[in-house]
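Please look over the structure shown below.

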Amino acid sequence: MENNSVNRRKFLYGTGAVGITGLAGCSGGGDGSDGSDGSDGSDGSDGSDGSDGDDGGSEELSLRVGTSAGGTQDVGLAVERAVSEESDTLSYSTIESPGYIGTIRRMANNQFNAGITDNNSLNKAIDETGAFSDQPVERIPQYGFSAFPYSIYFIARDGTGIETFDDLAGANVYPAEPGYSTRATTLDVLSQGPTADVYEQMNIQNMGVGDAPGAMEEGTIDASIAYGTPGVRYTGFVQEMASRLDLHYVEPTDALIESAESFSGAGTTRTPYSEWEMPQDIGTDEVFSWDLQVLYTFNPEANADAVYELCRVVDEHNDTVNEGEAQFNDFGSTPEMLGYAQERIPVHPGAVQYYQDNDAWDDSLTEGEGA
């Protein structure tokens, strides 16, 4: 079940609201900021962030939420603040975690009972592929509600002759820093059958996001992904590229659209460019993007009443969360909280009860088993 519409407050590029700890997505590194999945090989077994995550089954309504650094942490802290202001019963703690993949691993090791991760990482954990092929996890966290998207598309440097996706064959393409979830999702999309031939001819560039704007300015990079949260802001290195260079939109081909729409690890969105502007005309009225879907998940042991209460807070007090961090989804209705839900990923019983009580439950989805 995916929501392909975008309905967000508009923030012009470069002037987005500042989150609790600063502009989301402006820092690099493999720590989960700026779209990184923080897959540093850690299995979270050292207990360094608190290995007492079994408090979810107690009478106290308590959630310890594993959260990557950077923009994801900004969102998590905004939710934590909303809970402290709007709930008399729920205790919410933000626990820093090494990215989306690291969060899944640490939840499997019961180091915390809730966490922010993404659908692509969850699907890989289920299928034991990618980072989970050699180190699978014994359990997968259950769906709670959608948090925010990182919407992704291609831009190219003017003068390269690149106009459509097919022109990326033979070009120097930057899909973000190695280790970033936005990069992994992009390469997963491109490796699908309809686009595999073009992808195999690309010269994929590997460098940190701090070096990418200079490399594009020097001509080492011909095209790059651009991404951020529509209606809010672009990520830092894209802002820097746009400030230095004349860029234009790379038109998607039917093959690229087919690959993105058929890939279960990502959603797709069509957004009017006027709702997500750079400070220059990139030559399109509409942006087609494939989306890294970031969501809240819960272990089966997480107290159902605690999950229910968190769902209530982010639904009834969505404006409070958005005041803390505009990147968090602006829910127009309770069913939109299920926007990133997939049939193969069970929904936590506490969340199911909340959706049922608010006439928002989708019978095509599966209720997870409690502890």
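**An enclosed helix and its salt bridges**

Helix 2 (residues 99-108) is largely enclosed by the rest of the structure, because nine of its ten residues are buried. Buried means under 20% relative accessible area, exposed means over 50%, and partly exposed lies in between (1.4 Å probe, protein chains only). Helices (H or I, at least four residues) and strands (E, at least two) are DSSP runs, numbered from the N terminus. This is a predicted model, in which local features need pLDDT of at least 70 and side-chain atom pairs count only at pLDDT 80 or more, while totals for chains, interfaces and linings use all residues. Residues are numbered from 1 along each chain as its sequence is written, and side-chain values use heavy atoms, with hydrogens and water left out.

**Helix 2**

- The buried residues of helix 2 are Gly-99, Tyr-100, Ile-101, Gly-102, Thr-103, Ile-104, Arg-105, Arg-106 and Met-107.
- Asn-110, which follows helix 2, has a positive phi, near 65°.

**Salt bridges: the count**

- Side chains of opposite charge can pair when their charged atoms come close.
- A salt bridge is a side-chain nitrogen of Lys or Arg within 4 Å of a carboxyl oxygen of Asp or Glu.
- By this rule there are eleven salt bridges.

**Asp-188 and Lys-124**

- A salt bridge joins the side chains of Asp-188 and Lys-124, at 2.8 Å from N to O.
- Asp-188 lies in helix 4 (residues 181-190) and Lys-124 in helix 3 (residues 119-127), so the pair ties together parts that are 64 residues apart in sequence.
- Asp-188 is buried, at 17% relative accessible area, and Lys-124 also counts as buried, at 18%.

**Glu-301 and Arg-139**

- Glu-301 and Arg-139 form a salt bridge, and their closest N and O atoms are 2.6 Å apart.
- Glu-301 is in the loop between strand 11 (286-298) and helix 9 (304-316), and Arg-139 is in the loop between helix 3 and strand 4 (142-157), so the pair ties together parts that are 162 residues apart in sequence.
- Glu-301 is partly exposed, with a relative accessible area of 26%, and Arg-139 is partly exposed at 21%.

**Arg-270 and Glu-286**

- The side chains of Arg-270 and Glu-286 form a salt bridge, at 3.5 Å from N to O.
- Arg-270 in strand 10 (residues 267-272) and Glu-286 in strand 11 are 16 residues apart, and the pair links distant parts of the chain.
- Arg-270 counts as partly exposed at 40% relative accessibility, and Glu-286 is partly exposed at 39%.

**A network**

- Glu-217, Glu-240 and Arg-244 are linked in a network of salt bridges.
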